[in-house]
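User: I am new to this structure and would like a close look at a single part of it. Please take me through that part slowly and give the cut-offs behind each term as you go.

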Amino acid sequence: MKINLEYRKKIIKTTIVVILALLFLISLIWFASTFKQLYRTGNLEVDYSITGRPTRLHRPITISDIRVWMTFDYLNVIFKVDPLYFKNTLAITDSKYPNISIEAYARHNRINPQVLLHNIEQAIINYPNNK
Amino acid sequence: MDFLVQAIIPYILLYKYWALFIATFLASFALPIPAGTLLIASAAFASQGYFNIAIIFIIVLIANIAGDNSSYWFARLYGRRILSRVPFIQKILVSKDFTLIEKAISRRPGFIIFISRFEVISTLTINLICGLGKATYKKFLFFEVLGSFANVIFYIIIGYSFGDSWQAVNKLIGNFSILFFLVIALGISLFWKKILAKLKREIEK
């Protein structure tokens with residue numbers, strides 16, 4: 001009986017170790033693959049060195065970087081847009097503007113977030129200072 | 001991006017430094033909120049001109065220290081009383097192995113406290129163990145402040161340096177964290193008995 005218990009404990013321990021080892025191997029491959037992909041796309045180049053000096057031209061933010069969690073206030077700052085531009089162009093009447101996220105605005109007004117995202121992207125492309 | 005981070009980031013953008021303070025405090029005190037990711041994001045937003053990096057540094061450092069110390073004192077004053085009410089936790093608290101770990105950390109807490117600041121689950125765990133084991137408060141405070149300072153600087157440098165690419169870099173850090181914890185888990189599984197025996201010998205000396 002005691003031998004059976006010891007044997008069972010050994011089997012369980014070996015199983016746990018094998019599973020952890022496999023998970024480790026999979027994670028290592030996944031990490032290496034992510035690193036390689038990010039390195040190739042230039043995402044691992046720093047904008048500023050530890051001394052605070054710029055090391056490369058700051059990658060300009062583009063419309064493909066816009067996400068639904070971003071607020072209109074944030075978009076105004078990073079795209080250097082007039083604070084009332086989105087309000088006028090997209091006919092936003094929400095009193096919280098610009099302190100409201102794209103996702104929250106879409107939810108309150110029952111708009112598809114992806115459709116709103118597309119409209120915002122078009123508004124930025126058509127912004128007078130971008131021409 | 002992680003669902004939790006996606007849920008919290010809009011509040012960081014809306015309520016700015018207040019939201020960052022509250023999220024960081026709660027992450028240090030009791031909740032497994034990805035504070036590192038939020039700090040990387042905030043530093044990236046600062047590089048884009050949306051926040052002030054110096055204010056972020058001060059706010060997050062204060063929040064980290066306040067949260068860690070609140071967690072330590074809560075565990076020290078009320079921890080055993082509250083946790084003992086859950087039967088299986090009570091069993092762990094009175095077990096020989098847990099007592100051994102408590103004593104080992106209380107004797108030499110420095111490195112463990114310092115390194116645990118870099119990950120939220122380890123921060124909460126070590127704060128709890130130090131509080132329950134009544135580790136010397138001065139030692140805990142010293143290494144906790146040192147660790148928090150290093151942790152905040154580390155994540156701010158990453159966020160500010162990589163700027164707009166912060167989401168991609170954060171993904172890589174997340175992958176690395178998983179790898180790191182699997183290594184620790186594997187090491188503990190393989191050498192658990194030897195680790196306990198060594199701790200026992202050190203404490204008996």
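Leaving aside its neighbours within four places in sequence, which residues is Asn127(B) in contact with?

Analyst: This is a predicted model, in which local features need pLDDT of at least 70 and side-chain atom pairs count only at pLDDT 80 or more, while totals for chains, interfaces and linings use all residues. Residues are numbered from 1 along each chain as its sequence is written, chains are lettered from A and ligands numbered from 1 in the order in which they are written, and side-chain values use heavy atoms, with hydrogens and water left out.

Once neighbours within four places in sequence are set aside, Asn127(B) is in contact with Ser28(B), Asp68(B), Ser71(B), Tyr72(B), Ala75(B), Arg117(B) and Phe140(B), where contact means heavy atoms within 4.5 Å. Asn127(B) is buried, with a relative accessible area of 0%, and here buried means under 20% relative accessible area, exposed over 50%, and partly exposed in between, using a 1.4 Å probe and protein chains only.

The residue belongs to helix α7 of chain B, which covers residues 120-132; helices (H or I, at least four residues) and strands (E, at least two) are DSSP runs, numbered from the N terminus. At 1.5 Å a residue, the 13 residues of α7(B) should span 18 Å, and this agrees with its end C-alpha atoms, which are 18 Å apart; the expected span is 1.5 Å times one less than the number of residues.

Asn127(B) is one of the buried residues of this helix, and Val120(B), Leu124(B) and Gly131(B) are also among them. Because 10 of the 13 residues of α7(B) are buried, the helix is largely enclosed by the rest of the structure. What covers those buried residues includes, in chain B, α1 (3-29), α3 (53-83), α4 (87-94), α5 (96-107), α6 (110-116) and α8 (137-162).

At the N-terminal end, α7(B) is capped by Glu119(B), a side-chain oxygen of which lies 2.9 Å from the backbone nitrogen of Ile121(B). Glu119(B) itself sits in the loop between α6 and α7 of chain B and, at 22% relative accessibility, counts as partly exposed. Beyond the helix comes Lys134(B), whose phi is positive, near 55 degrees.

The helices α4(B) and α5(B) pack at an angle of about 60 degrees, with their axes 5 Å apart; axes are lines fitted to C-alpha atoms, for helices over the stretch in contact, and angles run from 0 to 180 degrees between N-to-C directions. The pair is therefore oblique, given that angles under 35 degrees count as roughly parallel, over 145 as roughly antiparallel, 65 to 115 as roughly perpendicular and the rest as oblique. Where they meet, Ile92(B), Leu93(B) and Val94(B) of α4(B) face Lys96(B), Phe98(B) and Thr99(B) of α5(B).

Methods:
Polar contact = N/O pair within 3.5 Å; in protein donor to acceptor, adjacent residues only side chain to side chain.
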